[in-house]
Amino acid sequence: MAENWKNEAWAKEFWYSGKVTRRRLLGLGATAAGALGATMLVPAPWRDAFGQAKPFKLGTLQPLSGTAAAGGKTALVGVQMAVDRINKSGGISGRPIELLVADYESKPDVGRRKAEKLVIEDKIDAHAGGYLSNVCLACMPVYEEHKLVNMITVCLDTTITQSKCSRYTFRPFDFAPAQAVAAAPYMVNKMGKKWHIAYADYAWGQSTKDAFVAEIKKNGGEVVGTTGIPLGTADMTPFLSKITGSFDGLFGIFFGPQGIAFVTQSFDLGLTKKYKLAGDGAIAVSVNIPALGSKGEGFVGIDRYVPVLEGVLNTPSHKHFLEDSTARLKQIDPTGPLPDRYVQSNFEGVNALKVGMQKSGFRGREDTMKLIEALEGLEMKESDDFPQGDKTLRKEDHQAFTREFLFELRGGKHKILEVVPKDKTVVPAACKFA
């Protein structure tokens, strides 16, 4: 099946079309042109430096069409940024990274098939990607069966590193329980005791809702009700209009167009006049802010990353990240959106894989267990590789812990309200590897 996303205007900025079996990044020249395989090789300016060195094949599954396409496109930017930096700096152990990209169309069944193709036919050495949690969960058994490392770069479903954890899967960024631990004290003590939670009714939304319910109660608050809204629902009015009663805040767990709909339709229904509006940071990622407009003013969110140069984020490393990612995002969207957490976590996820490969002396799939052991307990220090800040990748469940940012939307920009250190977001491990 042809991957139609490659024919979209934004993709033409990244991909060069030709008549052979693969598609590669612009700049490789006519001899590197291709069509359907979705491969990125070392860009021309430094390709000769690697000579005949065998490349590492890195696969990345992203939703470049369907419900999650907007986020998938920015996620891919993060992967490409990291691969470019690695190849420009001499690769890994003198070998370049060849990136194989597959669009799973925001569908779990397609994701599983594309994962099997990357693993069996394309013979990737490792995978870094994902986005929708139901797709990540559907694909995890593929990587485990074929014994290669799967670096999750967006999916937040709690069970990925808890009840459904795998020795082969890592999540080098936060997850819902850590976010809830970071946010709940602020919500209960500074915004209100009683909350209603509206959420995207699928794996991620359900597990995130459960995490926030538990932490709000633990901090002395109360969840008076919850409303699940099917994934992809554009008109939330029939659901939101039923939210009534006496409580202080309405907390949303949505992303993409649904995140925008939650805020704007809550405003239109008058809910933001009755209740304080808060939610997962995915609602107010930078690409969503123009669509939220004045209706998003005052929204309070929790996120691992916000694109501002202030406080602890005012560092040379973060400035480098912002400059590179903003330039790349402008090729996709002429309005020039700032990077979001999807760019950040994909960028840093690939870099975590790089550090593990260097540390373990990784040569290919035969060294998967060495790579796993190198990644378990990995300490990632704030640097050009990890501009978000220090991270610890816990050995017991392959879950990372990072600092968190509580922010408010003011004048169409993120304003940091509180920084929660990574050590204050840690929750007990709940994983038993098979």
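Predicted model: local features only at pLDDT ≥ 70, side-chain atom pairs only at ≥ 80, totals over all residues.
Strand β6 covers residues 126-129. Ala126 and Ala128 point to one side of the strand, His127 and Gly129 point the other way, and all are buried. In general, the side chains of a regular strand alternate between the two faces of the sheet.

β6 runs parallel to strand β4 (residues 56-62), to which 2 bridges join it. Within this pair, Gly59 is placed opposite His127. β6 also pairs with strand β7 (residues 150-152), again in the parallel sense, over 3 bridges. Here Ala128 stands opposite Met151.

## Salt bridges

The structure contains 23 salt bridges. In one of them, the side chains of Asp385 and Arg85 meet at 3.0 Å, N to O. This pair connects distant parts of the chain, 300 residues apart: Asp385 belongs to the loop between β14 (379-380) and β15 (391-393), while Arg85 belongs to helix α2 (residues 69-88). Asp385 is buried at 15% relative accessible area, whereas Arg85, at 29%, is partly exposed.

A further pair consists of Arg167 and Glu376, whose closest N and O atoms are 2.7 Å apart. Arg167 is partly exposed, with a relative accessible area of 26%, and Glu376 is buried, with a value of 12%. Arg363 forms a salt bridge with Asp367, the closest N and O atoms again lying 2.7 Å apart. In this pair Arg363 is partly exposed at 48% relative accessible area, while Asp367 is buried at 2%. Salt bridges also link Asp84, Asp324 and Arg328 in a network.

The largest nonpolar core has 90 residues, and the members that touch the most others are Tyr131, Phe255 and Phe262. Helix α5 (residues 176-191) supplies the largest share of this core, 10 residues. Setting aside residues up to four places away in sequence, Phe262 touches Ala198, Met236, Leu240, Leu250, Phe251, Gly252, Phe254, Leu277, Ala278 and Ile283.

Phe262 is one of the buried residues of helix α8. This helix, residues 256-268, comprises 13 residues and reaches 19 Å from its first C-alpha to its last, close to the 18 Å expected at 1.5 Å a residue. Since 10 of its 13 residues are buried, α8 is largely enclosed by the rest of the structure. The buried residues include Gly256, Gln258, Gln265 and Ser266. After α8 comes Gly270, which has a positive phi near 85 degrees.

What other nonpolar core lies apart from the largest one? Another core holds 40 residues, among them Val79, Val350, Leu353 and Leu378. Leu353 is located in helix α12 (residues 341-360). Its relative accessibility is 1%, so Leu353 counts as buried.

Beyond its neighbours within four places in sequence, Leu353 is in contact with Leu58, Ala126, Ala128, Val149, Met151 and Leu371. Two of these contacts, Ala126 and Ala128, point one way from strand β6. Met151, another contact of Leu353, is the β7 residue that stands opposite Ala128. Leu353 and Val149 are separated by 204 residues in sequence, yet their C-alpha atoms are 8.8 Å apart in space.

Notes
Residues numbered from 1 in each chain as written. Heavy atoms only, no water. Buried < 20%, exposed > 50% of the residue type's maximum accessible area, 1.4 Å probe, protein only. Helix = DSSP H or I, 4+ residues; strand = E, 2+ residues; numbered from the N terminus. Pairing = 2+ DSSP bridges. Salt bridge = Lys/Arg side-chain N within 4 Å of Asp/Glu carboxyl O. Core = buried A, V, L, I, M, F, W, Y, C linked by side-chain atoms within 4.5 Å. Contact = heavy atoms within 4.5 Å. Expected span 1.5 Å × (residues − 1).
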